Amino acid sequence: MQARIISIANQKGGVGKTTTAISLAAVLAEHGKQTLLCDLDPQAHATIGLGYQKNQAQNSISEVLLDGVPASDALFKTRIENLFLLPANSNALGIEVQLIDAENRETILKRSLDSIRYKYDYILLDCPPSLGFLTVNALTASDSVLIPMQCEFLAMEGLVQLLNTIAHVQKSLNPSLGIEGIVLTMHDARTKLSREVETEIRQYFEGRIRVFESVIPRSIKLSEAPSHGVPITQYANLTAGAWSYTNLGEELMGIE
Ligand code: ATP
Ligand code: MG
C-alpha cells in the first residue's frame, strides 16, 4: 500500500476546504479505505469538526513539524472506522514563524509522511487559508492538490497566486505534484449567480484542469455537522450534502 496524498488547498478563506477534507475523508473511510486526515491549520477546525478538543491530544502537527515527533506518535484512530486523524493544536499558531529558521523547512512534512504512507490508502491534508510554509509543506508532500472553489462572485480571485505557488513547488520541490481538480462548493442551484459561476469555471478550465462533476450544494446540514463532531455522512446521511460528498469521493476513487 502506498497512500495517495492529497492537499486540500486554497488560500482564500472559508471556501469549504475543511468541510471537504472531513467529508471526503469520511466517505473514503466508509468505502473501506484506510484514510488519514492531517489538520495543518492552526485554527484546528478539522480536529474540532471530528469531535476532538483543540488541545486534547498530547502530540499534534506542531510537534511533528517542529520537534521531530514521528507522525505515527501524533496520529490516532477516530471513532469512525478506517479514519485516522493527525490533529492540530494551538501551538500550531507558531509554526509559520518557527519554520523560518528550520533546515529543509519545506520538506519536513514529506519526510515525516514518507515513513507512514504505506499504512494508508489516502492521506488528506487540510491546509490553512494562506500560502505560507504549512501549505508549501503540504504541497511538497502531496501527489496532488484538490482546490475547493466557492460558487460566488470573485470565485476565481486569488487563483493565480495559488497556481503560481503550485508551479513553484512543482519546479523546485515536488516535480510529481499534480492538480487533482477543482471542486465547486456552496452551490445554490436556485440562484442565477451560482449557475453562472459554475458555467464560467467549467468553460475556463475545460481541457486544462479537471472540474469535478459532483458539485457541493449550500446546505445547512453541512454547516451544522462540525458542531456535532461528526462528518455529514453520519450527521445527516440522507441529505444532498452527504450525497454530493459521496459522489465526489466516488469520482476521486474512480468509481462510476
Ligand atoms: P478556512 O479558510 O477558515 O480554513 P475553509 O476553506 O476550511 O475555511 P470551511 O471551514 O469548510 O472553509 O467552511 C467555511 C464555513 O462555511 C463553515 O462555517 C462551514 O460550516 C460552512 N460551509 C462549508 N461548506 C458549506 C456548504 N456546502 N453549505 C453550507 N455551509 C458550508
Ligand atoms: Mg479550514
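Reply: The account below begins with the sheet and then turns to the helices and an aromatic pair.

This is a predicted model, in which local features need pLDDT of at least 70 and side-chain atom pairs count only at pLDDT 80 or more, while totals for chains, interfaces and linings use all residues. Residues are numbered from 1 along each chain as its sequence is written, and side-chain values use heavy atoms, with hydrogens and water left out.

The open sheet has 7 strands in the order 3-4-2-5-1-6-7, with mixed pairing. Strands (E, at least two residues) and helices (H or I, at least four) are DSSP runs numbered from the N terminus, and two strands pair if DSSP finds at least two bridges between them. Because strand 3 (76-77) and strand 7 (178-185) stand at the edges with a single partner strand each, one side of each has no neighbour in the sheet. Strand 1 (residues 4-8) pairs with strand 5 (residues 122-126) in the parallel sense over 5 bridges. Ser 7 stands opposite Leu 125 in strand 5.

Helix 7 lies across strand 6 (144-150) and strand 7, and runs at about 175 degrees to strand 6. Axes are lines fitted to C-alpha atoms, for helices over the stretch in contact, and angles run from 0 to 180 degrees between N-to-C directions. Helix 7 (residues 159-172) also packs with helix 6 (residues 133-141) at an angle of about 55 degrees, with the axes 10 Å apart. Helix 6 is therefore oblique to helix 7; angles under 35 degrees count as roughly parallel, over 145 as roughly antiparallel, 65 to 115 as roughly perpendicular and the rest as oblique. In this contact (heavy atoms within 4.5 Å), Val 136, Leu 139 and Thr 140 of helix 6 meet Thr 165, Ile 166 and Val 169 of helix 7.

Elsewhere, helix 1 (residues 17-30) packs with helix 11 (residues 240-253) at about 70 degrees, with the axes 9 Å apart. Helix 1 is therefore roughly perpendicular to helix 11. Residues of helix 1 in this contact include Leu 24 and Val 27, and those of helix 11 include Tyr 245 and Leu 252.

Rings of Phe, Tyr and Trp (its six-membered ring) pair if their centres lie within 6.5 Å; planes under 30 degrees apart count as stacked, over 60 as edge-to-face and the rest as tilted. The count comes to 3 aromatic pairs. In one, the rings of Tyr 52 and Phe 76 have centres 4.9 Å apart and planes at 70 degrees, so the pair is edge-to-face. Tyr 52 belongs to the loop between helix 2 (45-49) and helix 3 (61-66), and Phe 76, 24 residues apart from Tyr 52, to strand 3.

Definitions and conventions
Chains are lettered from A and ligands numbered from 1 in the order in which they are written.
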